[in-house]
Amino acid sequence: MEADRSAIGSKMKRREIEALREQVSCAAVLEQARFAIDIKESTRRAVKFRRGGEIVIVAHEGRGWFDPLSDAKGDVFGLVEHLDHVGFLEGADRVADLVGFEITEPEWQPASRDRGCNLSLVERWQARRSPWPGSSTWRYLNGERRLPPPILCEAIKAGLLREGPRGSIWAAHTDNAGVVTGWEARGPQYRGFASGGAKVLFRLGLDTSLRLAVTEAAIDAMSLAAIEGLHDGTLYLSTGGGWSPATQAALRELASRPDARLVAATDANAQGDLFATRLRSLAEDAGCEWTRLRPAEEDWNETLKVREKEKGERKAGSVPHSHRPRQGRLRPAEPALDPASRDAGARQGVMKD
């Protein structure tokens, strides 16, 4: 590739290459390649594009990109080489053809600027209040997201949640020493991650738990915990939709403990399956048991909302004293079942799918 880049001098001057890099956005390349913008999961700083199971995130005001499911990243020329499997010379010609290409402008709500921007990451976290019953963040999580109060209280007690701007929620990511490295930010009109922060893991449950349920978002981790009744012995985790070296190292350390069991509780879509494949490989390398747990809906929060809606409809449709009360003791909470497929593996070997 370096030879190609140097050889281009006979065909195109360096300043022409730099001009192309400034004139052609990575977004233009992706739109022409029939990728679509995922507005729900995009921010002004990081625009997510999808094409089937493929994902590319454009950053640096359109001048850079990376693939969250691999180590691929680069500039506009590297993106063409990555997508079209061509060399730099041909890729540069294709970039030149996109000069003047009109890019779709998504209608984002820009993230509000946080006061105290000169504060350190930890100081910014500590400056925010924890949610409380009746607060705007509590109403968002309990009302719109249908997370039950016991789960919210558990997360708040563990110091995992903060009130973000305009009713959003901050959900802490921590390293294996418990230090806050950043936070997932979610709200009615906003989705992102802490500026200057690092994705490691959101963790709900005891650190000594050996069942490791890995989801793609903190709200999904709390939703799965609600569905399972905060199952004893389970640590509910979120990667924040990323797979950084720090995330991989943290998961590997947790999975390497004796008798650990890794549960790939990722979304029921192509991206979730790709994440599950990575988790399966990590579990096999660490020598721990693993299983795939798929939500009934696309993700665990959607599954929880459907479940809560059905419970409400059944309650509204019941007639008082129309039947005798059921007898018996309450059963302890059990892990969520996977009716579609339950891939599994163990230390001794891997079962066939």
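The model is predicted: local features need pLDDT of at least 70, side-chain atom pairs count only at pLDDT 80 or more, and totals for chains, interfaces and linings use all residues. Residues are numbered from 1 along each chain as its sequence is written, and side-chain values use heavy atoms, with hydrogens and water left out.

**Whole chain**

- The chain has 12 helices and 16 strands; helices (H or I, at least four residues) and strands (E, at least two) are DSSP runs, numbered from the N terminus.
- Of the 353 residues in the chain, 45% are buried.
- Among contacts with a separation of 6 or more, 65% are between residues 24 or more positions apart; contact means heavy atoms within 4.5 Å.

- Arg-51 lies in strand S2, which covers residues 47-51.
- Leaving aside neighbours within four places in sequence, Arg-51 is in contact with Ala-33, Arg-34, Phe-35 and Leu-83.
- The side chains of Arg-51 and Glu-54 make a polar contact at 2.9 Å; such a contact is a pair of N or O atoms within 3.5 Å, where within protein one must be able to donate a hydrogen and the other to accept it, and residues adjacent in sequence count only if both atoms are side-chain atoms.
- Leu-30 is 21 residues from Arg-51 in sequence, and their C-alpha atoms are 9.0 Å apart in space.
- S2 belongs to an open sheet of five strands in the order S1-S2-S3-S4-S5, with antiparallel pairing; two strands pair if DSSP finds at least two bridges between them.
- Strand S1 (36-37) and strand S5 (73-74) each have a single partner strand, so one side of each of these edge strands is left without a neighbour in the sheet.
- Two bridges join S1 to S2, and Ala-36 has Arg-50 as its bridge partner in S2.

**The sheet of S6 to S9**

- A further open sheet has four strands in the order S6-S7-S8-S9, and its pairing is antiparallel.
- The edges are S6 and strand S9 (190-193), each with a single partner strand, so one side of each has no neighbour in the sheet.
- On average, neighbouring strands of this sheet are turned by 25° against each other, direction ignored.
- Strand S7 (residues 169-174) is mostly covered, with six of its six residues buried.
- From S7, Ile-169, Ala-171 and His-173 point one way, while Trp-170, Ala-172 and Thr-174 point the other way.
- Strand S6 (residues 161-163) runs antiparallel to S7 and is joined to S7 by three bridges; Arg-162 has Trp-170 as its bridge partner in S7.
- The hairpin of S6 and S7 has five residues between the strands, and Arg-166 there takes a positive phi near 55°.
- Six bridges join S7 to strand S8 (residues 180-187), and the two run antiparallel.
- In S8, Arg-186 is the bridge partner of Ile-169, and Glu-184 is the bridge partner of Ala-171.
- S7 and S8 also form a hairpin with five residues between them, where Gly-178 in the turn has a positive phi of about 85°.

**Helices H4 and H5**

- Two packed helices are described by the angle between their axes and the distance between the axes.
- Helix H4 (residues 76-84) and helix H5 (residues 88-96) pack at an angle of about 110°, with axes 9 Å apart; axes are lines fitted to C-alpha atoms, for helices over the stretch in contact, and angles run from 0 to 180 degrees between N-to-C directions.
- H4 is therefore roughly perpendicular to H5; this class spans 65 to 115 degrees, while angles under 35 count as roughly parallel, over 145 as roughly antiparallel and the rest as oblique.
- H4 makes the contact through Val-76, Phe-77, Val-80, Glu-81 and Asp-84, and H5 through Phe-88, Gly-91, Ala-92, Arg-94 and Val-95.
- The residues of this contact divide into six nonpolar, one polar and three charged; Ala, Val, Leu, Ile, Met, Phe, Trp, Tyr, Cys and Pro count as nonpolar, Asp, Glu, Lys and Arg as charged, and the others, Gly among them, as polar.

**Helix H9**

- Helix H9 (residues 218-228) is mostly covered, with 11 of its 11 residues buried.
- The buried residues of H9 include Asp-220, Ser-223 and Glu-228.

Conventions:
Buried < 20%, exposed > 50% of the residue type's maximum accessible area, 1.4 Å probe, protein only.
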